Amino acid sequence: NIKKQYRKMNVRVIYALKLVQENDQLRGSNHITDSDLTSSYYFDSTQFSKVDITLILGYDADAEYGSILLCRFHNLSPELKYGMSARDLLQDLQEHLKNDGLERRRLGGSSGYVTYSKEFKKLMKTSNSSPRCSKGVIWLRDSTNLKWNLYYIGTKDNEASCKYTYYTNPKPGGSFVMKPEMYLKYDFLLDYTATKALTASLAKAVEAAVKGRLDIKQLSICPIACNEELWQASATRDFLIHFLQHSTVSYTEFQKKQLYYQFYAANFVTFTLVMHPVGRHLDVFADGKPSLENRVCFAFNLDKYGQTNVSKTGNGYGRGGCRMGMFCFALLDWQTNQRFRRQCWTDPRNAELPNSASQIARERGHTHERLRPALWNAFMRNGSSIHLPPGVNRLDDL
C-alpha cells in the first residue's frame with residue numbers, strides 16, 4: 001500500500017494480484033459460487049475514513065501493465081437541488097433513451113442470459129426491432145445463451161435473400177447523449193464528468209511516485225485510456241479558451257465550468273442508464289480501444305406495494321446494491337467511439353478551419369455541438385489543411 005498527498009487529497013493505492021483470468025463460460029452470469037469467494041478480495045470503504053480516494057490496481061504476475069479495478073472518490077457525494085429527488089433524476093434520464101426505453105444490443109455479457117421476459121416480448125412487438133413486428137421472423141437463442149439470432153426475408157421486392165441481425169437480452173435503460181440543459185439542472189454532473197480525467201491524472205501521479213522503487217511493482221496503468229482521457233481534457237480546455245477569446249458574452253466562472261463540461265460531454269462521452277442486475281462481462285467498445293468507465297448510483301424508496309411509480313423500470317429493485325425496499329439505478333459514462341475523428345475536429349490547431357468545432361461554436365454561440373456525419377463530411381473538405389491527431393498519418397485513416 002502507498003499513501004500519498006495528492007493536491008490536498010489523501011490517496012490510498014492498493015495493488016491486487018489478479019487471481020482469475022477471463023472465463024467465457026462465466027460471461028453473462030450473476031451467480032456467486034464458492035470459487036468466487038476464494039478468489040476475491042473484500043473491500044470495505046468504511047475502513048478508509050481518513051482517505052479521500054482509494055485506487056485499486058490489478059496486475060498479472062508477469063505483466064508490466066496495470067488495470068484500474070476501482071477508483072473510489074469517498075467524499076464526492078452527488079447532491080440534488082432542493083425539491084429534486086432521485087426519482088426525478090431517473091425520469092429525466094429516461095427521456096434521453098431510444099427504442100422505447102430498451103437496451104437491445106450490449107456486447108460483453110452485462111445484459112445477462114437471454115430470457116423470455118416481458119422486455120423480450122416488448123422487443124418482439126417494437127416496430128423498428130424487426131420487419132413486420134416479428135411476423136415471419138425466426139428468433140433463435142444463441143448457443144452462448146447471450147443473444148437472440150434473427151432471420152427473415154427482406155421486405156423489398158428485389159430482396160429475396162435471407163437477412164440476419166441479433167439482439168442481446170433486452171433490458172430497461174440504454175446509451176444516450178446527455179442534453180446540455182441537464183448540466184444546468186443537475187450541478188453534480190459537472191464533478192461527476194470530471195472524475196475520469198482526475199483518475200487518469202492520479203494514475204500518472206502514482207506511476208511517477210513509485211518510479212525506481214524496488215519494493216513496489218512498476219506498472220504502466222491503463223496507458224491508452226489514461227493518455228486519451230488527459231488529451232481530451234486538455235483539448236477541451238484549449239477549445240474553451242479559444243471560444244471565450246472570440247465571444248462577446250461575459251461568463252461567470254461557474255458558467256465557464258458548465259461550458260467546459262457541456263463541450264467535453266458532447267464530444268468525448270457516451271452515457272448509459274443501468275436499471276438491472278448486470279451479468280459478468282468484459283466491456284467491449286465500438287472502436288475496439290480501451291476506456292475508463294465512470295459510475296454513480298442513486299436509490300429511492302419503493303411504495304408500500306413495492307412499486308417505483310415510474311414507468312419502464314423493469315424489476316422492483318433495479319440494479320440492486322441497496323437494502324430491501326429500495327430501487328437502485330446507475331449512471332455510467334465512458335469515452336465515445338470514433339475518437340480520432342473527434343480529436344481531429346476539436347484540435348485547437350484546426351480551430352480556424354471552416355466547420356471545425358471552434359468555428360461551429362463561434363457561429364452558433366454555444367459549446368455543445370456534437371460531431372455528426374454531415375458535419376464531419378463538411379469539415380473534411382479542408383483536405384490537406386487539416387492537422388491530424390497523433391498516431392494518424394492519412395485523412396483516409398480517420
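Trainee: Where is the place of Lys312?
Mentor: Lys312 sits in the loop between β12 and β13. Keep in mind that this is a predicted model.

Trainee: What is phi of Lys312 like?
Mentor: Phi is positive there, near 60°, and Lys312 is not a glycine. Most residues other than glycine have a negative phi.

Trainee: Which loop holds Asn309?
Mentor: Asn309 lies in the loop between β12 (293-301) and β13 (326-335). Asn309 also has a positive phi, about 60°, without being a glycine.

Trainee: And is Asn309 buried or exposed?
Mentor: Asn309 is exposed, because its relative accessibility is 57% and the cut-off for exposed is over 50%. Lys312 has a relative accessible area of 44%, so it counts as partly exposed.

Trainee: OK, on to the sheets. What is the order of the open sheet of five strands?
Mentor: The order is β5-β9-β11-β13-β12, and the pairing is antiparallel.

Trainee: How many bridges join β11 to β13?
Mentor: Six bridges, with strand β11 (residues 269-274) and β13 running antiparallel. Ser175 has Thr272 in β11 as its bridge partner.

Trainee: How many residues of β11 are buried?
Mentor: Six of the six, so β11 is largely enclosed by the rest of the structure.

Trainee: Which residues are on each side of β11?
Mentor: Val269, Phe271 and Leu273 are on one side, Thr270, Thr272 and Val274 are on the other, and all of these are buried. In a regular strand, side chains alternate between the two faces of the sheet.

Trainee: Which strands does helix α2 lie across?
Mentor: Helix α2 (residues 86-94) lies across β9 (171-176), β11, β12 and β13, at about 125° to β12. Helix α5 (residues 188-210) lies across β11, β12 and β13, and runs at about 145° to β12.

Trainee: Speaking of helices, at what angle do the axes of α6 and α9 cross?
Mentor: Roughly 40°, with the axes of α6 (residues 223-245) and α9 (residues 357-364) coming within 10 Å. The contact involves Phe239, His242 and Phe243 from α6, and Ala357, Ser358, Ala361 and Arg362 from α9. By class, that makes four nonpolar, two polar and one charged residues. The crossing is right-handed.

Trainee: Which strands form the open sheet of three?
Mentor: The order is β6-β7-β8, with antiparallel pairing. β6 and β8 (162-168) stand at the edges, each with a single partner strand, so one side of each has no neighbour in the sheet. Neighbouring strands here are turned by 25° against each other on average, direction ignored.

Trainee: How many bridges are there between β6 and β7?
Mentor: Four, with β6 and strand β7 (residues 147-153) pairing in the antiparallel sense. Leu140 stands opposite Asn149 in β7.

Trainee: Changing topic, where does Ser129 lie?
Mentor: In the loop between α3 (118-125) and β6 (138-141). Ser129 is at 4% relative accessibility, so it counts as buried. A polar atom of the Ser129 side chain lies 2.6 Å from the backbone oxygen of Leu123.

Trainee: What is Ser129 in contact with, leaving aside neighbours within four places in sequence?
Mentor: Arg104, Leu123, Met124, Leu150 and Tyr167.

Trainee: And Pro131, is that buried or exposed?
Mentor: Pro131 is buried, with a relative accessible area of 16%. Pro131 also lies in the loop between α3 and β6. The C-alpha atoms of Pro131 and Tyr152 are separated by 8.0 Å, while the two residues are 21 apart along the chain.

Trainee: Last one: where is the place of Ser111?
Mentor: Ser111 is in the loop between β5 (102-103) and α3. Ser111 counts as buried at 4% relative accessibility. Beyond neighbours within four places in sequence, Ser111 is in contact with Arg106, Thr168, Asn169, Lys171 and His276.

Notes: Residues are numbered from 1 along each chain as its sequence is written. This is a predicted model: local features need pLDDT of at least 70, side-chain atom pairs count only at pLDDT 80 or more; totals for chains, interfaces and linings use all residues. Side-chain values use heavy atoms; hydrogens and water are left out. Axes are lines fitted to C-alpha atoms, for helices over the stretch in contact, and angles run from 0 to 180 degrees between N-to-C directions. Helices (H or I, at least four residues) and strands (E, at least two) are DSSP runs, numbered from the N terminus. A crossing is left-handed if the near helix is turned anticlockwise from the far one by less than a right angle, and right-handed if clockwise. Contact means heavy atoms within 4.5 Å. Ala, Val, Leu, Ile, Met, Phe, Trp, Tyr, Cys and Pro count as nonpolar, Asp, Glu, Lys and Arg as charged, and the others, Gly among them, as polar. Buried means under 20% relative accessible area, exposed over 50%, partly exposed in between (1.4 Å probe, protein chains only). A polar contact is a pair of N or O atoms within 3.5 Å; within protein, one must be able to donate a hydrogen and the other to accept it, and residues adjacent in sequence count only if both atoms are side-chain atoms. Two strands pair if DSSP finds at least two bridges between them.
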